[in-house]
Amino acid sequence: MIHTPRLNGVKPVKTRISVTRTVGHLAVPFCLLSHHRSGSNFLNELIRSHSLLSSLKEPFAQHLSLFAECDIERWEAQPPPERAAWLADPFVQAYLNDLRGWLLAAPRRGFKETRLAEKLVWLEALVSPVRLILLVRDPRAVTVSILRRPHLIDYWIPVSQLAHLPPSTFRDRAEHDPVYRSALIWAHRHRQLLLEELRTRPMLLVRLEDLLAGPDMTLTRLFSFLGDLQPEPAQITLMKDLWSPARHYTASYSLRRRPQDVLHDCRGLPVHDRRTVERVCGDVMTHLGYLET
Amino acid sequence: MTELQEAARGWRNFAMATEIAGQSREKAVKLTIDGRPIGAMARHLVTNADLLRFLNHLRISGLDIRWLANTANPNLPVRPAGPAGEFTCSPDWLDHPATGLTWYGAAIYADGVGGRLPTETEWMAAAGPGEYPWGDSPPDAGLANYGYHRGSTTPIGAFPAGVNGLFDLAGNVREWCGDAIPDAANRPLRVVKGGGWASPPADLRTSARAVKLPLMGSATSGLRIFYPE
């Protein structure tokens with residue numbers, strides 16, 4: 001049992017969507033999918049620390065620059081024709097070939113990624129079916145986290161990606177208002193994922209808030225999904241250490257932040273910005289239990 | 001691969017002409033296995049200052065640098081961010097260990113300066129007989145940079161040297177080795193040793209071995225030069 005301190009107003013809640021579908025074959029690679037600033041590094045560290053699992057960190061986004069350039073561009077089994085030259089690039093071919101070979105060479109291998117949500121069909125054509133873990137976080141907290149690092153705003157939520165949003169979007173405003181832009185991209189991505197892309201795929205939904213506030217249940221579900229596994233002492237220790245009074249905390253680096261602070265990040269958003277996020281993301285937030293109906 | 005071989009030759013000539021070659025050799029630590037001399041290991045990791053010279057030299061040769069180093073990750077300190085696409089690095093990071101090199105980049109760098117990447121056995125000889133390079137006591141944040149205590153690399157030599165006088169063998173960055181380990185599909189993976197700033201404590205053990213895809217230059221992997229006897 002992992003004891004967490006009393007958390008003001010934060011508790012695991014039931015989402016309004018079906019959260020777990022299983023897939024039988026352990027050789028199927030897993031993909032931990034999340035939007036930026038949602039805690040995926042931490043969850044990936046938990047997964048990597050399991051003796052029977054191997055997980056790479058952003059093998060697409062951090063190694064092939066195209067994925068940042070076309071973040072929310074939707075791909076089918078083949079990238080759009082204008083990307084043909086990219087796919088024919090010898091380095092890209094060699095890299096993807098190596099990556100595919102590694103993922104399929106042994107069971108219980110996978111990766112975490114922040115830029116593949118719109119490219120799942122392509123990913124499955126490249127590798128195989130994957131077992132998906134979708135990590136989500138309250139978009140108000142995501143926005144606070146993105147605004148905290150101004151030099152990376154345009155890397156995480158590039159203005160160029162607004163072209164892929166529905167025409168009804170107020171693009172002028174989004175270009176100049178990072179809160180609005182962050183909310184738009186978060187809502188677009190999660191709406192599409194939850195309502196379309198993931199309806200037919202094996203997947204597990206994990207809320208960062210549940211992982212922090214109710215780790216026992218979340219870890220059990222996670223490792224069961226990853227291949228009929230149980231959490232090991234390493235993962236229990238990592239979670240316990242998170243709440244340890246002796247832990248060395250820092251405000252500047254996400255994996256060393258106080259979990260209470262992470263859970264309460266959304267309180268750092270001014271009221272008018274909070275309303276902006278809730279207005280843009282409201283339907284998805286309600287689905288995920290972040291807003292009352 | 002011919003392009004890579006040509007690039008390696010060009011870098012070797014440049015390194016020889018500018019006396020970059022052998023710079024770390026003078027202070028390298030001589031190693032033996034079973035009393036037999038095997039060569040010498042650089043006391044320090046290769047730094048971002050070294051990497052900057054390396055990549056900017058090769059950039060003008062016209063080689064596709066992605067075979068040698070990761071140019072896609074904006075968090076890497078050495079980035080092609082100059083006005084003409086040249087690699088730059090903030091002065092604060094020049095004395096940090098080089099990161100982002102692919103295995104090929106690391107191997108070509110090492111060859112050009114007159115050495116090579118160590119084998120796992122040579123690396124373990126450099127680390128000494130203890131469970132960790134400093135002995136048998138478990139890691140803590142004062143002995144090495146690991147477990148996200150610092151959140152990134154730290155300047156080389158900021159932690160106490162190991163029993164053989166080498167710095168940063170455990171933690172800071174994982175170190176590419178020359179060994180190829182075939183996976184189940186018979187693809188060569190490359191060994192990395194020592195654990196890095198993001199590694200759990202168990203990865204700092206001298207005996208711990210991790211393997212990586214050779215084209216995957218990451219923010220947690222660097223290199224150290226071995227000079228064979």
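How much area is buried between chain A and chain B? About 2300 Å² is buried between the two chains, and carbon and sulfur atoms give 60% of it. Buried area is the accessible area (1.4 Å probe) that two parts lose on being put together, summed over both. The size of an interface is often given in this way, as accessible area lost when the parts come together.

The model is predicted: local features need pLDDT of at least 70, side-chain atom pairs count only at pLDDT 80 or more, and totals for chains, interfaces and linings use all residues. Residues are numbered from 1 along each chain as its sequence is written, chains are lettered from A and ligands numbered from 1 in the order in which they are written, and side-chain values use heavy atoms, with hydrogens and water left out.

Chain A brings 27 residues to the contact and chain B brings 25 residues. Contact here means heavy atoms within 4.5 Å. In chain A, the most area is lost to chain B by A:His63, A:Phe91 and A:Asp98, together 26% of what that side buries.

One salt bridge is counted between chain A and chain B. A salt bridge is a side-chain nitrogen of Lys or Arg within 4 Å of a carboxyl oxygen of Asp or Glu. B:Arg66 pairs with A:Asp89, and their closest N and O atoms are 2.5 Å apart. Helix H4 (residues 90-105) of chain A supplies 11 residues, the largest share of the side of chain A that touches chain B. Helices are DSSP runs (H or I, at least four residues) and strands are DSSP runs (E, at least two), numbered from the N terminus.

Over all chains, the whole structure holds 24 salt bridges. In one of them, A:Arg115 meets A:Asp71 at 2.9 Å, N to O. This pair links distant parts of the chain, 44 residues apart. A:Arg115 lies in the loop between strand S3 (109-113) and helix H5 (120-126) of chain A, whereas A:Asp71 lies in the loop between helix H2 (66-69) and helix H3 (84-88) of chain A.

Three cavities of 30 Å³ or more are found. A cavity is a set of points on a 1 Å grid over the protein atoms alone where a 1.4 Å probe fits but cannot get out; lining residues have an atom within 4 Å of a point. Grid points are joined across faces, edges and corners, and a volume is the space filled by probe spheres set on the points. The largest cavity has a volume of about 80 Å³. Its lining includes B:Trp134, B:Phe159 and B:Asp168. The second largest cavity has a volume of about 50 Å³. Among its lining residues are A:His63, A:Phe91 and B:Arg66.

How values were computed
On a 1 Å grid over the protein atoms alone, a cavity is a set of points where a 1.4 Å probe fits but cannot get out, and a pocket is an open set with protein on both sides within 12 Å along at least five of seven lines; lining residues have an atom within 4 Å of a point.
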